[in-house]
Amino acid sequence: MIRPDLRSRARARLVLVSVTAALVVAGTIPFSAAAAGESATMLLEWNERAIVAIHNLPAGTPTGAGQTPPVGSLHLAMVQAAVYDAVNAIDRGHEPYLRGLPRAPRSASKAAAAATAAHHVLVGLVPGFAADIKARLDADYAASLATIPRGSRKNAGIRIGAAVAAAMLAKRANDGRFGTFTFTAGADAGDWRPELPAMVSDPFAWVAKVKPFAIRRASQFRTAGPLSLTSATYAAEVNEVKALGALNGSTRTNAQTELGRFYAANPIPMLNKSLRDIVMRKGLSITKAARLFAMTSVSGADALIACWDDKAHYNFWRPITAIRLANTDGNPATTAQADWLPFLPTPPYPEHPSGYNCFTGATTQAAREFFGTNRVRISLTSPITMTTKTYSRLNRIVNDTIDARIYLGFHFRTPDVQGARLGRNVASYVADHYFERRDD
């Protein structure tokens, strides 16, 4: 709910928490009990199940819908915001995300509410998951409820979880998902156009037109935009990617190549695993965990909506196009290389800004808003390199993801930096306007 009065962040961040975390790689998590209140175990189990169902590939183990980050982030936000509202309807300590929800008795089971909200949103997503994924989610839900003692507390939790899920699905039923919008290829210098290897346009360009979850409009945090093609800074960035991001003849060091490959992985499963581990190690209650995952997932989804809107607005060419057609940019400091290829194949959508950095900027800033400090020790493990990186500050993740997109040959530096800033702006707005503590 957007508050008419802007509270200062100083008031919202009264408690600074020092966090120690490491990424849990195993598929089944040995969740610890929360120090106070109901355990967050059920919520963490359903966050992992949602991630698997949404992002795992159809041929994966377990199978998933294989949704790309911009699409999957929308559905994860629906799940986690619903879980938050279901738990908060019982706890009543913070402002609800959705308006007009029924009240639940304080004695209701938050675990039952969280499991029901997550399950019902997941199986209600359109287009629907494959039958085997739905069957697995149904079986998981039955197993989750079986762990909760029978009685009025359980029944009340199920009722509020179901009510919130229905409200969430209704709220997002006509939000622009799976629309017909596509990016338009151009022919002038600086214009985006499909490139090797697929030579196609992003089938999920419609994310640019999806209704945001929290920000007022997709263009609210419009970036400053690409550099002038004739500027010295643009030439320097072209030459940086040309040298460091090339498939052949690159000047990358082994460490730089490793960093690029590390962050070629989907950031949503990686960061959510790290967040789950933080919750376990800190023993956060289900109420606090619900708020953390709502803040991070809503911020991430809105950052990607805003990012795709920005991509459509500027429609700027990728490094592969810019380098191959450098003789058309009017800049004497760039030189065309007709056979240049990036380290990994270029994604099929415009350059500016970097979607990866929009998301990581938003997620790390949302975690910073929740914990009240940048000093969060967090570890991430890449399923591509099977290595782990540990950070003592959240913003250092973004520093690495900015460099990584250059080493992959995907982006110039300015779109990376502006994408991260866009994500941080979105997350700060979400923290100032949503999920706030109630005054009453």
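How many residues does helix H4 have, and how far does H4 reach from its first C-alpha to its last? Helix H4 (residues 110–124) has 15 residues and reaches 21 Å. That is close to the 21 Å expected at 1.5 Å a residue; the expected span is 1.5 Å times one less than the number of residues.

This is a predicted model: local features need pLDDT of at least 70, side-chain atom pairs count only at pLDDT 80 or more, and totals for chains, interfaces and linings use all residues. Residues are numbered from 1 along each chain as its sequence is written, and side-chain values use heavy atoms, with hydrogens and water left out. Helices (H or I, at least four residues) and strands (E, at least two) are DSSP runs, numbered from the N terminus.

- H4 is largely enclosed by the rest of the structure, because 12 of its 15 residues are buried. Buried means under 20% relative accessible area, exposed over 50%, and partly exposed in between (1.4 Å probe, protein chains only).
- The buried residues of H4 include Lys110, the run Ala111, Ala112, Ala113, Ala114 and Ala115, and also His119.
- Thr116, Val121 and Leu122 are among the buried residues of H4 too.
- These buried residues pack against helix H2 (41–55), H3, helix H5 (131–146), H6 and H10. Contact means heavy atoms within 4.5 Å.

- Asparagine 88 lies in helix H3 (residues 69–91). Its relative accessible area is 4%, so asparagine 88 is buried.
- Beyond neighbours within four places in sequence, asparagine 88 touches Gly93, His94, Glu95 and Pro96.
- Threonine 363 sits in helix H12 (residues 355–371). With a relative accessible area of 5%, threonine 363 is buried.
- Leaving aside neighbours within four places in sequence, threonine 363 is in contact with Leu271, Thr296 and Gly300.
- Alanine 40 belongs to the loop between strand E1 (19–20) and H2. It is buried, at a relative accessible area of 3%.
- Alanine 40 and lysine 288 are 248 residues apart in sequence, yet 8.5 Å apart in space, C-alpha to C-alpha.

**Salt bridges**

- The count comes to 12 salt bridges. A salt bridge is a side-chain nitrogen of Lys or Arg within 4 Å of a carboxyl oxygen of Asp or Glu.
- Arginine 222 and aspartate 309 meet in one of them, at 2.6 Å, N to O. This pair links distant parts of the chain: arginine 222 is in the loop between H6 and H7, aspartate 309 is in helix H10 (residues 286–314), and they are 87 residues apart.
- Arginine 222 is partly exposed, at 29% relative accessibility. Aspartate 309 is buried, at 12%.
- Aspartate 175 bridges to arginine 172, with the closest N and O atoms 2.8 Å apart. Aspartate 175 is buried at 5% relative accessible area, and arginine 172 is buried at 3%.
- Aspartate 277 pairs with arginine 281, and the closest N and O atoms are 2.8 Å apart. Both lie in helix H9 (residues 267–282); they are four residues apart, so about one helical turn separates them.
- Aspartate 277 is buried, at a relative accessible area of 4%, whereas arginine 281 is exposed, at 54% relative accessibility.
- Elsewhere, salt bridges that share partners join Arg172, Asp175 and Arg177 into one network.

**Strands E2 and E3**

- Strand E2 (residues 376–381) is mostly covered, with five of its six residues buried.
- E2 pairs with strand E3 (residues 388–391) in the antiparallel sense, over four bridges. Two strands pair if DSSP finds at least two bridges between them.
- Threonine 381 has threonine 388 in E3 as its bridge partner.
- The two strands form a hairpin with six residues between them. In the turn, methionine 386 has a positive phi of about 55 degrees.

**Nonpolar surface patch**

- Leu196, Met199, Leu247 and Leu341 form a nonpolar patch on the surface. Together they have about 310 Å² of accessible area, from the Shrake-Rupley method with a 1.4 Å probe; for residues, only the protein chains shown count as cover.
- Patches are made of residues with over 30% relative accessible area and no salt bridge; like charges are joined within 9 Å, nonpolar side chains (Val, Leu, Ile, Met, Phe, Trp, Tyr) within 5 Å.
- Methionine 199 is in the loop between helix H6 (152–171) and helix H7 (232–244). It is partly exposed, at 47% relative accessibility.
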